[in-house]
Amino acid sequence: MNMEKILGLLYIIFGLLFVIYPIFSSALISMIIGFSLVCFGLSSISMGIVFTEMPLYKYLTIMLGIIAIIFGIMFMFFLNAVPFLVSLQFYIVGFLMIIYGLVGIIFLDDKVYRIISGIGLILGILTVILAVFLASHPIAIAIIIGVLLIVEGVSLIVIGRSRSLIEKYG
């Protein structure tokens, strides 16, 4: 059994766990991300304390460590990391698309480019609406992640080695 098929089976198993137990899966991922951030923060702070040659680097490293610990504790105890991070990503992308669309509509002279900018503006607004929906429905995010993991797992099992060859050689 090659590595792609083993990885595909793991994807399917994790995808099924996300679909069947979305709240538990989301909470587990949040705890793992929170623990990782706390460990990173402690490592960053200790590195900042030990590194004394450049004071600016030292203070920035210590501040980054403190911020990482704060977010890690928030993800472990107060905040579900999966919906927060996914919706944050959609907010950022949505607002960038809105700005791109508005700038294109205002400053571009060509009618085709203005239409494309208008489509970008509409898609940006829809992306922000999707971010609001995903932030308020953490179970939906876990189920979507589970379904995507299952699809990727089936893809790895069915296509397997030929997929990596296609990506490598075009």
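Predicted model: local features only at pLDDT ≥ 70, side-chain atom pairs only at ≥ 80, totals over all residues.
1. Overall make-up. The protein chain contains seven helices and zero strands. Written in order along the sequence, its pattern is α-α-α-α-α-α-α.

2. Dimensions. The radius of gyration of the protein chain is 21 Å, whereas a compact globule of 170 residues would have a value near 15 Å. Along the principal axes, the C-alpha atoms occupy a box of roughly 60 × 50 × 40 Å.

3. Of the 170 residues in the protein chain, 28% are buried.

4. Helix 5 and helix 6. Two packed helices are described by the angle between their axes and the distance between the axes. For helix 5 (residues 111-136) and helix 6 (residues 138-159), the angle is about 100 degrees and the axes lie 5 Å apart. These two helices are therefore roughly perpendicular to each other, since angles of 65 to 115 degrees count as roughly perpendicular. On the helix 5 side, the contact is made by Phe133, Leu134, Ala135 and Ser136. On the helix 6 side, Pro138, Ala140, Ile141 and Ile144 take part. Sorted by type, the residues of this contact are seven nonpolar, one polar and no charged.

5. Helix 4 and helix 6. The axes of helix 4 and helix 6 cross at roughly 85 degrees and come within 9 Å. That angle makes helix 4 roughly perpendicular to helix 6. Helix 4 contributes Val82, Pro83 and Val86 to the contact, and helix 6 contributes Pro138, Ile141 and Ile145. The residues of the contact of helix 4 with helix 6 are six nonpolar, no polar and no charged.

6. Ile98. This residue sits in helix 4 (residues 81-107). Is Ile98 buried or exposed? Its relative accessibility is 17%, so Ile98 counts as buried, because the cut-off for buried is under 20%. Apart from neighbours within four places in sequence, Ile98 is in contact with Leu121, Gly124, Ile125 and Val128. The C-alpha atoms of Ile98 and Ile119 are 9.7 Å apart, and the two residues are 21 residues apart along the chain.

Methods
Residues numbered from 1 in each chain as written. Heavy atoms only, no water. Axes fitted to C-alpha atoms, helices over the stretch in contact; angles between N-to-C directions. Helix = DSSP H or I, 4+ residues; strand = E, 2+ residues; numbered from the N terminus. Parallel < 35°, antiparallel > 145°, perpendicular 65-115°, else oblique. Contact = heavy atoms within 4.5 Å. Nonpolar A, V, L, I, M, F, W, Y, C, P; charged D, E, K, R; others polar. Rg over C-alpha atoms; globule rule 2.2 N^0.38 Å. Buried < 20%, exposed > 50% of the residue type's maximum accessible area, 1.4 Å probe, protein only.
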